[in-house]
Structure formats: C-alpha cells, structure tokens
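Grab a pencil and have the 3D view open.

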Amino acid sequence: MKKRCLFLILIVFTNINIIMAQNKAKILVLIHSDNGGTYELAKEIAKGIESENNAVPYIKMVKSSQNPNLKNLTVATVDELTGYDGIVFGSPVYFGNISTGMSEFLAKTVQLWTSHALEGVPASVFMSAGSGAGKELAMQAFWNSLAVHGMILVPNGIRGTEELNKAIPQGNTVLGVTSMASLKDVERPTKGERNIAELQGKNFAKVALALKDTRPKRAALVAEHHQNFAEILKQKNITLPQVPKPAGNYQPFVRSGNLVFINQVALKDGKIFNPGKLGVEVNEQQVKEATKVTMLNVISVLNEAVGGDLSRVKQCVQLTGIFNTKEDYTKHAELMNVASDLTVEIFGEKGKHARATLGASSIPVGSSVEIQAIFEVE
Ligand SMILES: Cc1cc2nc3c(=O)[nH]c(=O)nc-3n(C[C@H](O)[C@H](O)[C@H](O)COP(=O)(O)O)c2cc1C
C-alpha cells in the first residue's frame with residue numbers, strides 16, 4: 001500500500017514538472033562565433049535568462065565550428081525558430097556589420113519572412129568586436145534585418161553601468177551588450193560586460209514571458225498550410241513531376257513583382273507525351289492527357305518559384321492553352337478544361353482564372369499542347 005502511494009506521488013510530481021516545463025518561456029540564444037568571444041557573452045545572456053524562474057535558454061550556433069570550445073554546440077535549423085518565445089541573436093562584428101555566418105543564416109529565413117512566421121516574436125542582439133570600431137553600426141544593422149521579420153526588438157537601454165570600470169573601454173551600448181576582444185588591457189569580456197550581458201538576458205526573459213502566448217500561432221498556421229497542400233496533393237493522388245529543364249536560353253519561370261510567369265509543354269520523363277497534331281497523330285483523349293501532363297509541369301515549376309510552399313500562391317491569374325489542331329477545329333475550350341479543372345482542384349477559389357485558348361499549326365518539339373500561366377504569389 002505504502003509503495004503504491006509513493007508511486008502515485010511520484011507520477012503526480014513528474015506530471016507537475018512536465019506541465020511547469022511546458023509553461024516556461026523557451027528562449028533561443030542563436031550565435032555565430034569564430035573564436036569564442038560571442039559564445040562567452042552568450043553564456044552570460046543564458047545565465048540571465050535562467051535567473052528568471054520561468055524561462056529556459058537554449059544556446060545554439062548558426063553553423064558548426066571546429067573550435068574546440070564551440071564544436072559541441074548544437075546547430076539550429078531555420079524551421080525551429082518559430083518554436084521559441086524569444087530569440088537573442090549574437091554575432092561577431094565584421095566590417096561594422098553582422099558576420100557572414102549570421103548573414104548567411106538570416107538569408108535562409110526568406111520563407112519565414114514571407115509567411116510572417118516570426119512577426120511579434122521578441123528579439124534582442126549582442127556582439128563581440130575586435131577593437132570595437134563600428135560596433136554600434138553593426139548592432140544597428142542587426143536590428144535592420146530583424147525588423148524586416150517584424151520581430152519585437154528589445155533594446156538593453158542603460159543597464160549595469162554603475163558597476164562598469166569606466167577607466168577602460170567597455171562594450172555597453174543601448175541596443176545590447178558588446179565586448180572588444182582585441183583590447184587585452186584586461187580579460188575580455190570584462191567583468192562589467194559580462195554583468196551587462198547577464199542583465200540583458202534577465203530583462204529579455206521578462207519581456208518574452210510577458211509576451212508569451214500573445215501572438216497568433218503563426219508557426220502552427222504555417223505548418224497547417226504546408227500540410228494542407230501536401231495533403232491535398234496526396235489525397236488527389238497527384239505527384240508533382242521534376243521541374244523540366246529549359247531547352248533554350250530562357251528560365252523555367254520569371255517572377256516580376258508578385259507575378260510568376262511560366263510556359264510549359266507536355267514533357268514527361270524527358271520526352272514529349274502523346275506528341276502530334278490532333279486528328280492526325282493523336283485524338284482528343286490523348287491531347288487531354290497531354291494537357292494534364294503540361295499543367296502538372298506548370299504547377300511543379302510554380303512550386304519551385306514559391307520555395308516549395310504552395311500556400312504562398314494567392315491566385316492563378318491567367319492560363320493560355322495552345323493546341324496543335326487542324327484549321328477547322330473548334331473545341332479547344334474542352335481540351336483546356338483539363339488544365340483549368342486541375343488548377344481549381346488543387347487551389348480551390350485561388351485556382352479560378354481568366355483564360356484564353358487557341359489553335360496552332362505547329363508547337364515546339366512536336367508537343368500537342370503548350371500552356372502559358374500567370375500566378376500571383378506572396
Ligand atoms: C572579416 C572580419 C571583419 C571584422 N571587422 C571588425 C570590425 O569592423 N570591427 C571590430 O571591432 N572588429 C572586427 N572584427 C573582429 C571580430 O569582430 C572579433 O574578432 C570578434 O571578437 C570575433 O568574435 P568571436 O570570438 O565570437 O568569433 C572583424 C573580424 C573579421 C574576421
């Protein structure tokens with residue numbers, strides 16, 4: 001009996017712990033570091049975050065490092081960024097700017113940007129410099145990038161300056177802490193810089209906790225959208241083909257503003273599917289099958305144009321179907337319905353489009369059909 005009671009108490013205790021961990025603010029301290037200076041500050045930031053009872057820091061790198069002090073750190077993925085309640089970014093100063101490693105990582109977040117996935121997520125920045133030349137420009141540049149994401153930028157203000165040894169240069173800035181690793185008058189980061197870093201972490205955790213659960217669940221929405229299209233294609237047994245390679249001096253698609261322009265023929269597995277002229281080499285059914293092949297090629301190219309996220313398609317604006325027909329043929333619209341139906345089947349309302357159809361006496365590479373498409377995308 002006693003044993004059973006103890007067991008039950010243990011289960012309840014474990015569950016309470018799990019619930020408490022779930023309620024904590026998860027804060028990513030995302031860094032690039034070559035020589036470890038940024039990492040030293042990151043550890044102090046994490047200490048400050050941890051000092052707020054309900055916040056947990058995770059220090060991760062934007063890319064792997066062979067530096068013995070850094071090589072065991074986990075590398076973050078772009079996709080995981082949406083899973084945190086706040087992100088503190090740390091980078092070395094490179095030419096009065098953020099480092100190449102940090103810049104390359106941020107360049108991979110285009111899809112998060114266009115889907116507004118980081119909007120409303122609190123962010124703060126810190127940096128390790130050499131002499132400190134251009135450090136505040138670099139901090140400001142960091143903010144510029146994060147502002148594009150619509151993140152809530154949390155400055156550090158004037159914090160911890162009372163304890164700073166003002167007889168030596170120090171890395172306090174109002175945006176966030178920095179350190180000047182090449183000034184070896186004292187050990188860097190200095191005691192005062194470490195203290196400011198810790199205070200920055202603590203203050204940031206407070207803000208992240210206050211904002212926790214206030215933003216719409218963008219991440220969930222984005223994932224749902226993603227899944228929807230994968231799901232829709234699966235349910236309808238539609239497999240997108242490989243993007244056909246251009247056969248001349250042109251691009252598979254061109255994006256101009258929010259419009260994507262695509263032209264395709266009935267290429268399948270490297271050769272033209274059901275080639276020839278309608279009523280001579282092929283019948284209507286064969287041309288309809290070729291039309292479906294062609295439209296799938298169009299959607300496959302479109303998928304590439306939106307970085308694999310078809311939820312970014314706002315509207316199919318126009319489809320133009322050109323068919324290799326004899327002069328007296330008049331039922332082009334029926335052939336083209338195959339492409340239109342497929343587009344509406346996949347995109348619903350967003351798939352409804354303006355349309356033109358016409359006949360041609362010949363089409364490149366013997367295809368029985370060519371489709372020109374214009375889509376509006378995010
Ligand atoms: C390409 C490059 C450019 C740099 N530009 C600057 C600079 O403009 N100002 C500065 O103070 N330090 C500059 N540094 C020095 C680094 O910011 C400094 O070494 C920093 O502490 C490195 O951080 P880490 O130890 O985390 O790698 C530069 C370093 C490199 C490699």
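## Exercise 1: a valine in a strand

Valine 377 counts as partly exposed because 19 C-beta neighbours lie inside 10 Å. The cut-offs: a residue is buried if 20 or more other C-beta atoms lie within 10 Å of its own, exposed if 12 or fewer, and partly exposed in between, with C-beta atoms placed from the backbone. Before going on, note that this is a predicted model: local features need pLDDT of at least 70, side-chain atom pairs count only at pLDDT 80 or more, and totals for chains, interfaces and linings use all residues. Residues are numbered from 1 along each chain as its sequence is written.

Task: Find out where valine 377 is found and which residues it touches.

Solution: 
- Step one, the element. Valine 377 is found in strand β14, residues 369–377. Strands (E, at least two residues) and helices (H or I, at least four) are DSSP runs, numbered from the N terminus.
- Step two, the contacts. Leaving out residues up to four places away in sequence, valine 377 touches Asn258, Val260, Ala305, Val306, Arg312, Val313 and Lys314. Being in contact here means C-beta atoms, placed from the backbone, within 7 Å.
- Phenylalanine 95 is 282 residues from valine 377 along the chain, and their C-alpha atoms are separated by 36 Å.

## Exercise 2: the nonpolar cores

Task: Work out which residues touch the most other members of the largest nonpolar core, and which element gives the most to this core.

Solution: 
- Step one, the members. The largest nonpolar core has 53 residues, and Ile27, Val29 and Ile45 touch the most other members. A nonpolar core is a set of buried Ala, Val, Leu, Ile, Met, Phe, Trp, Tyr and Cys residues joined through C-beta atoms within 7 Å.
- Step two, the elements. Those giving two or more residues to this core include β1 (25–31), α2 (37–51), β2 (55–61) and α6 (191–211). The most comes from α6, with seven residues.
- Step three, the other core. Apart from it lies another core, of 34 residues, among them Ile262, Leu278, Ala305 and Ala339.
- Step four, a zoom on one member. Valine 29 has Ala42, Ile45, Ala46, Pro57, Tyr58, Ile59, Val88 and Gly90 among its contacts.

## Exercise 3: helix α6 and a glutamine

Task: Is glutamine 200 buried or exposed? And how does the span of α6 compare with what it should be?

Solution: 
- Glutamine 200 is found in helix α6.
- Step two, count. Glutamine 200 has 28 C-beta neighbours inside 10 Å, so it counts as buried.
- Step three, list contacts. Among the residues that glutamine 200 touches are Ile45, Ser124, Phe126 and Arg159.
- Step four, check the helix. At 1.5 Å a residue, the 21 residues of α6 should span 30 Å, and the end C-alpha atoms are 31 Å apart, which agrees. The expected span is 1.5 Å times one less than the number of residues.
- Step five, look past the end. Aspartate 213 follows α6 and has a positive phi, near 70°.

## Exercise 4: around the ligand

Task: Which residues come nearest to the ligand, and which classes make up the shell?

Solution: 
- Step one, the nearest. Of the 20 residues around the ligand, Asp34, Gly37, Thr38, Pro92 and Gly130 come nearest. A residue is near a molecule if its C-beta atom, placed from the backbone, lies within 6 Å of it.
- Step two, the elements. β3 supplies the largest share of the shell, three residues.
- Step three, the classes. The shell has seven nonpolar, 11 polar and two charged residues. Here Ala, Val, Leu, Ile, Met, Phe, Trp, Tyr, Cys and Pro count as nonpolar, Asp, Glu, Lys and Arg as charged, and the others, Gly among them, as polar.

Note on methods. Contact = placed C-beta atoms within 7 Å.
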